[in-house]
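This report goes through one structure element by element. The sequence and the coordinates come first.

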Amino acid sequence: MSYEQYNNFTNPVTSQPVGNSPAPGATPINGVTIRPLQDTPTDAEFAGRLLVEAFRGKFAHNVTEQKLPATARYMAANNRGQTPAFYQRTLVAELEGVPVGLMQLKFHGDKYLNTADDNVLISELGCWRTLRFVCFTLVTDEDVKLGKCYVDHICVDDSARGRGVGKLLMERAEYEARQRQCHTIYLGVLTTNRAKGLYERQGYHVTSTWSMCGCLYCCIGPPGKIYHMEKPLSTNIP
C-alpha cells in the first residue's frame, strides 16, 4: 500500500510572490528566525520529534504510548526525500539558532503533500497500528479550496514558550498566504486548546464547531469539539 497513488498535485498553487515586503522571520526578531525545513537528518529528526510531542494525545490514541518513539522515528524518516513543495510549505522557527518551532501550510492542490513508505511504517508499528495511523492521516488531511491557505499544524517546543515564536509563525503564515493571492487563512483547534487565544489575538474568529464523532473520533481521540477558525486576508502587499 503506497501513498503515491494519493499524491496528485492537482492545480497546485505556484504563483510567484508579489510585493517587496520582507517575510516575517527572514531576519531575527527578538532572536527568532523562520526558514523552510531542509532535507537533512537534523531537521528531519527535529520535525518528527516535535510533531509527535506536540500532538502526543492524538498519536498515542492511534499507536499507543509505547509506540510513540517508533512513530517519531518514522515521522523523521518521512521528512527525507520529499518534493520541493513539501519543504517550501514546512517552516522551522529557530531561537538563537536552535530549532524550536514547526508549521506546515497547505494551499489548493496540496492534498497528500508528502509521500510515505508504508513498509517502513509497518516495520515500526506493526500492521494494526499502521492501519490506524493511515486512517488518521487520510481523515485529517485537508482538501484546500482555491484562494485559501490552511495551517495544517503549528507547534512550539516547551523551552521556547512565551518568546513570541508562535506569533511570528502565524505572521509568516499570513505572509505566505498573501504571496499566493489567498483571501482566507484558516485552521482547526480543539475547543480545550489554549492556543485559541493566540489565534484570536491574531485576528482569527470561530466560524463553526465540529463534534468529534464517527471516523474523527476513531482517529483523533475521545469525544470533544473542534473550532474551525479563519481570518480574511488582504492581498495588497506593499
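## Helix H3

In this predicted model, the buried residues of helix H3 are Leu68, Ala70, Thr71, Ala72, Tyr74, Met75, Ala76 and Asn78. H3 covers residues 68–78, and eight of its eleven residues are buried, so the helix is largely enclosed by the rest of the structure.

## The sheet

An open sheet is built from seven strands, ordered S1-S2-S3-S4-S5-S7-S6, with mixed pairing. The edge positions belong to S1 and to strand S6 (205–211); each has a single partner strand, so one side of each is left without a neighbour in the sheet. On average, and ignoring direction, neighbouring strands are turned by 25° against each other.

S5 and strand S7 (residues 225–232) run antiparallel and are joined by seven bridges. Across from Tyr227 in S7 stands Val189.

## Helices across the sheet

Two helices can be described relative to S3. Helix H1 (residues 41–54) lies across S1, S2, S3 and S4, and runs at about 80° to S3. H7 lies across S1, S2, S3, S4, S5 and S7, with an angle of about 30° to S3.

## Nonpolar cores

The largest nonpolar core comprises 29 residues, and Val151 and Tyr199 have the most contacts inside it. At least two residues of this core come from each of strand S1 (32–36), strand S2 (90–95), strand S3 (98–107), strand S4 (148–156), helix H7 (165–179), strand S5 (184–190) and helix H8 (195–201). The biggest contribution is that of H7, with six residues.

Which residues does Val151 contact, leaving aside its neighbours within four places in sequence? They are Met103, Gln104, Leu105, Ala173, Ile185, Tyr186, Leu187 and Tyr204. A second, separate core has 24 residues, among them Phe46, Leu51, Val63 and Phe136.

## Aromatic rings

Three aromatic pairs are found in a search of the whole structure. One of them, Phe86 with Tyr87, is edge-to-face, with 5.2 Å from centre to centre and 85° between the planes. Both residues count as buried: Phe86 has a relative accessible area of 4%, and Tyr87 has a relative accessibility of 10%.

The pair of Tyr199 and Tyr204 is tilted, because the ring planes stand at 55°, with the centres 6.2 Å apart. Tyr199 and Tyr204 are buried. Another ring, that of Tyr186, has Lys148 over its face, at 5.9 Å from the ring centre.

Notes
Residues are numbered from 1 along each chain as its sequence is written. This is a predicted model: local features need pLDDT of at least 70, side-chain atom pairs count only at pLDDT 80 or more; totals for chains, interfaces and linings use all residues. Side-chain values use heavy atoms; hydrogens and water are left out. A nonpolar core is a set of buried Ala, Val, Leu, Ile, Met, Phe, Trp, Tyr and Cys residues joined through side-chain atoms within 4.5 Å. Buried means under 20% relative accessible area, exposed over 50%, partly exposed in between (1.4 Å probe, protein chains only). Helices (H or I, at least four residues) and strands (E, at least two) are DSSP runs, numbered from the N terminus. Contact means heavy atoms within 4.5 Å. Two strands pair if DSSP finds at least two bridges between them. Axes are lines fitted to C-alpha atoms, for helices over the stretch in contact, and angles run from 0 to 180 degrees between N-to-C directions. Rings of Phe, Tyr and Trp (its six-membered ring) pair if their centres lie within 6.5 Å; planes under 30 degrees apart count as stacked, over 60 as edge-to-face and the rest as tilted. A charge sits over a ring if NZ of Lys or CZ of Arg is within 6 Å of the ring centre and within 35 degrees of the ring normal.
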